[in-house]
Amino acid sequence: MTGSMINISKRWGFHGVAALKNSSPGYKMLLGFLALIALAGAVVGLHGMFVGYHHVYGVSRQISWGLLISAYIFCVVTSTGLCIISSIGHVFGGEAFMPIAKRAVFMSIMFMFGGFSIIFFDIENPFRMAIWNVLSPNFVSNMWWMGTLYGMYLVFMMIEYYFLLEQNHSLSRLMGFFGLVVGIAAHSNLGAVFGMLHGRPFWYGPYLPIYFIFSAGMSGGCAILFFTTLGWKINPEIMNQRMERAVKAVTQVTIFLIAVIIFFTCWKIITGMVSEGKHLVIMSFLTGDYSINFWVFEIFLGMFLPLYLLIRSRGNNFNLILWATGLMMIGIFFMRYDIVIPGQIESVYHSLGVEEEANLLTYTPSFHEIMASLLGLAVVMIAYFAGEKMLNGHQLEKHEIVPEGGYICPGCGAIHFMKEGETEEDAMKRHHRIW
Amino acid sequence: MKLPKINFDNLKNEGTSSVTPQERRKFLKLGLAIAGVYAGGKILSLTSIVGTAHASGGGSIVKKYPYNPHYSMVIRQTLCIDCEKCVDKCNETNNVPDYGYRTRILTKKYSGTLDKQVEFIPVLCNHCNDAPCVRACPTRATYKDPITGIVRMESKKCIGCKTCMLACPYDARYFSAARRAVDKCDFCWEERLSKGETQTGCSSACPTGARTFGNLTDPENIVYKLVHQLEEKVWVLRPADDTKPNIFYMKGNMRSVDNILNEQKHKYFDPNKV
């Protein structure tokens, strides 16, 4: 057992729990604090499950998707985005993007787990889901496809990550390709979960399924920059020339995608203002209850400030990138919230002109909802901070850990292994062959 | 710009004999549809239900009803007095908890009108032929009953994702903790109709006959008669969603009901039905 562990640590650059033990007291305290939040979130969530969610959650009959669904969407959008941006490198061969792959795929998997742990506390009968999704599938239901496609996506990403660690580039590339296709399908379909509800004009239409893909790309770029620059703060050794080039490339893509999302947002507002069904909701963004969410978080923190800071950073001022993307992550969270909640604030009977539904509906997240959402986010953060130490900063290039028979590939910077009698060149061809 | 000259004086009178009954019917319906849109804005318009339930057309169209018995409810809005006996009866019959409801009565107020200032609009599940909730459900826990067309729940399959609640354009669904599933109106199928009753709880409790429940495929049925006429405008809620609902609305004041149901024994209230 110990022998195989040593083997894995050599092959995968896996440093194990020892690396955590050797971390600074502050780092341990941070991890402990996150673990406490996760524990509290799980306890509060389970409490809600036992007493009945309708007693403790802020959601109602008419606003039945609340903070939990928003947080879930935040997680899965980021996960898909990490997959999309990292695939530019290790699936499509964009050399500059290659060094980010391991961290991105790892975080992509962790964000999926975070998302699933959040939605576990939103769905009333999660255990039934496992049974009836299989025994009684409804192939025209977007919700069914969401569960199925995200499940497949997670499996592909996990296999891909295994092959990334194993340095099997052809198989990791193949799995990455499947993961990307299924991931984009899953994610676009998540937009369609909203976009197909034709009683809800704010959501209805092809806008959301398309927006979700681009928005995921933006979130993914932001997340990669955030986690890479934060990783650099934790361990400056992870930065090398190749990684610096990768950060620069991701910064450029992220700037481009922010610009795309700015246009998406502009047209959402402008078309919504002349649409009878959306007008009230759009006005609540511009001047009403959601104006702070919209202007301060979504527009300023989520788009314009990071756009400015990322351009200023020129892709090589890592402190600036860390700030820009950290704030942007908060902005993006509100972006997701502003898709989910405002779509429900206008009652279906509002346009009938009746007294009961004359006002827009309101929703405030409850303590239980906030804690259950924090559980998912804490899971992601724990996985990140533990991963940075245990997986040695997801480094591909680390001379100390190049084991016998291995060498650093000049093409991708990863550690490759030569078979007996093989030259370095042959090994490189074998690792990078295209099927 | 030169405009084409039309000399009306020299046009030949084609006579009325060349107008087929179909064309005449289409013309009448067009007029009513315009009136409907004008009277109620986007939410009220006449019979967007074309293809499933025509407000006119009579016998030849009956074969288009996809279910038999095709259960339906006609709500004669003018007759509703907001006594809420229907809501109470529904809650009692179906064990609806205090945090939920299967049906409710909405109030619409008017100002500047001379005859009345308020109107009551009972709402419930519309048992749509193209039900968005049925499409949205991942596990087919909610389904169209293949015989009656009632949108029903198979509670054990409900995972509680609540997509159906958002898919429903009539706010007809809520999550019932006791059932551990989404609950909704089933036209009292489980509690009454399947046990041989002919009326739903709400329609049996209605003292004024505002809620009229029946079978749309039976030409003798009151619901059939109320829907298949041109005298009174019939509409459905949210026609733009095109869900082909089976709850029809009409003003249904005394005089027009008299005209429509001139041979019906009980026009407003059936003393035997409770």
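What share of the 274 residues in chain B is buried? I started my notebook with that one, and I kept in mind that I am looking at a predicted model.

**Entry 1: chain B on its own**

I looked up burial first: 46% of the 274 residues in chain B are buried. Next I went through the secondary structure, and chain B comes to 8 helices and 11 strands. Of the contacts in chain B with a separation of 6 or more, 62% are between residues 24 or more positions apart.

**Entry 2: where chain B meets chain A**

I then turned to the contact between the two chains. Chain A brings 36 residues to it, and chain B brings 36 residues. On the chain B side, I listed the elements that give two or more residues: strands S3 (104–109), S4 (118–123) and S7 (173–176), together with helices H4 (132–136) and H5 (163–167) of chain B. I sorted the residues on this side of chain B by class and found 22 nonpolar, 10 charged and 4 polar.

**Entry 3: H5(A) against H15(A)**

I wanted to see how helix H5 (residues 67–90) of chain A sits against helix H15 (residues 367–390) of chain A, and their axes come within 9 Å and cross at roughly 15°. An angle under 35 degrees counts as roughly parallel, so H5(A) is roughly parallel to H15(A). The crossing of H5(A) past H15(A) is right-handed. From H5(A), the contact uses Leu67(A), Leu68(A), Ala71(A) and Cys75(A). H15(A) supplies Glu369(A), Ile370(A), Ala372(A), Ser373(A), Gly376(A), Leu377(A) and Val380(A). By class I noted 8 nonpolar, 2 polar and 1 charged residues.

**Entry 4: H5(A) against H10(A)**

Which angle do H5(A) and helix H10 (residues 207–234) of chain A pack at? I found about 80°, with the axes 6 Å apart. The range 65 to 115 degrees counts as roughly perpendicular, so H5(A) is roughly perpendicular to H10(A). On H5(A), I marked Val77(A), Thr78(A), Thr80(A), Gly81(A), Leu82(A), Ile84(A) and Ile85(A) as making the contact. Their partners on H10(A) include Phe212(A), Met218(A), Ala223(A) and Ile224(A), and also the glycines Gly217(A), Gly220(A) and Gly221(A). This contact has 9 nonpolar and 8 polar residues, and no charged residues.

Conventions:
Residues are numbered from 1 along each chain as its sequence is written. Chains are lettered from A and ligands numbered from 1 in the order in which they are written. This is a predicted model: local features need pLDDT of at least 70, side-chain atom pairs count only at pLDDT 80 or more; totals for chains, interfaces and linings use all residues. Two residues are in contact if their C-beta atoms, placed from the backbone, lie within 7 Å. Helices (H or I, at least four residues) and strands (E, at least two) are DSSP runs, numbered from the N terminus. Ala, Val, Leu, Ile, Met, Phe, Trp, Tyr, Cys and Pro count as nonpolar, Asp, Glu, Lys and Arg as charged, and the others, Gly among them, as polar. Axes are lines fitted to C-alpha atoms, for helices over the stretch in contact, and angles run from 0 to 180 degrees between N-to-C directions. Angles under 35 degrees count as roughly parallel, over 145 as roughly antiparallel, 65 to 115 as roughly perpendicular and the rest as oblique. A crossing is left-handed if the near helix is turned anticlockwise from the far one by less than a right angle, and right-handed if clockwise. A residue is buried if 20 or more other C-beta atoms lie within 10 Å of its own, exposed if 12 or fewer, and partly exposed in between; C-beta atoms are placed from the backbone.
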